[in-house]
Amino acid sequence: MPLYVPKSINLAINEEHFKAIFKEQDTDGDGRLNKAELLKAFEKLGSRNPGWRVRRSLHHADTDGDGSISLNEVEELVKYAVKQGYGVN
């Protein structure tokens, strides 16, 4: 029996799975991810500091500067998450 058993395993996921995770966090159904919804998405992805990650993701993916991520900007958000090495816990 191993001495250390991790609580969770970080699995690599593909871009479609990232899109699904982000889109399921659109709880108000407006087709946009606001800061609270992004926070929940990064928490689900296991971010150690999800508030900071939200600010950085908005900086990278919010191309129109409205403070949220639209469906058109989700591609950039996914690229950012992949670049950061996120998986699912």
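Reply: Lysine 79 and glutamate 76 stand three residues apart in helix 4, so about one helical turn separates them. Helices (H or I, at least four residues) and strands (E, at least two) are DSSP runs, numbered from the N terminus. The model is predicted: local features need pLDDT of at least 70 and side-chain atom pairs count only at pLDDT 80 or more, while totals for chains, interfaces and linings use all residues. Residues are numbered from 1 along each chain as its sequence is written, and side-chain values use heavy atoms, with hydrogens and water left out.

Lysine 79 and glutamate 76 form a salt bridge, with their closest N and O atoms 3.4 Å apart; the term means a side-chain nitrogen of Lys or Arg within 4 Å of a carboxyl oxygen of Asp or Glu. Lysine 79 is partly exposed at 47% relative accessibility, and glutamate 76 is partly exposed at 32%. Here buried means under 20% relative accessible area, exposed over 50%, and partly exposed in between (1.4 Å probe, protein chains only).

Glutamate 75 pairs with lysine 19, and their closest N and O atoms are 2.5 Å apart. Because glutamate 75 lies in helix 4 and lysine 19 in helix 1, this pair ties together parts that are 56 residues apart in sequence. Glutamate 75 is partly exposed, with a relative accessible area of 35%, whereas lysine 19 is buried, at 14%. Glu16, Lys19 and Glu75 are linked in a network of salt bridges. By the rule above, the count comes to six salt bridges.

The largest nonpolar core has 18 residues, and Phe18, Phe22, Leu38, Phe42, Leu45, Ile69 and Leu77 have the most contacts inside it. Such a core is a set of buried Ala, Val, Leu, Ile, Met, Phe, Trp, Tyr and Cys residues joined through side-chain atoms within 4.5 Å. Helix 1 (15-24), helix 2, helix 3 (50-61) and helix 4 (74-83) each give two or more residues to this core, and helix 4 gives the most, with five. Leu77 is one of the residues that leucine 38 touches, along with Leu33, Val54, Ser57, Leu58 and Ile69, not counting residues up to four places away in sequence; a contact is defined by heavy atoms within 4.5 Å.

Isoleucine 21, a residue of helix 1, is buried, with a relative accessible area of 4%.

Buried residues make up 37% of its 89 residues. Among contacts between residues at least 6 apart in sequence, 52% join residues at least 24 apart.

Confidence is given by pLDDT, the predictor's confidence in each residue, from 0 to 100. Its mean for the protein is 84, and 82% of the residues reach 70 or more. The lowest mean is 54, in strand 1 (residues 11-12), and the highest is 96, in strand 2 (residues 32-33). Over residues 4-10 pLDDT stays under 50. Where pLDDT is low, the predicted coordinates should not be read in detail.
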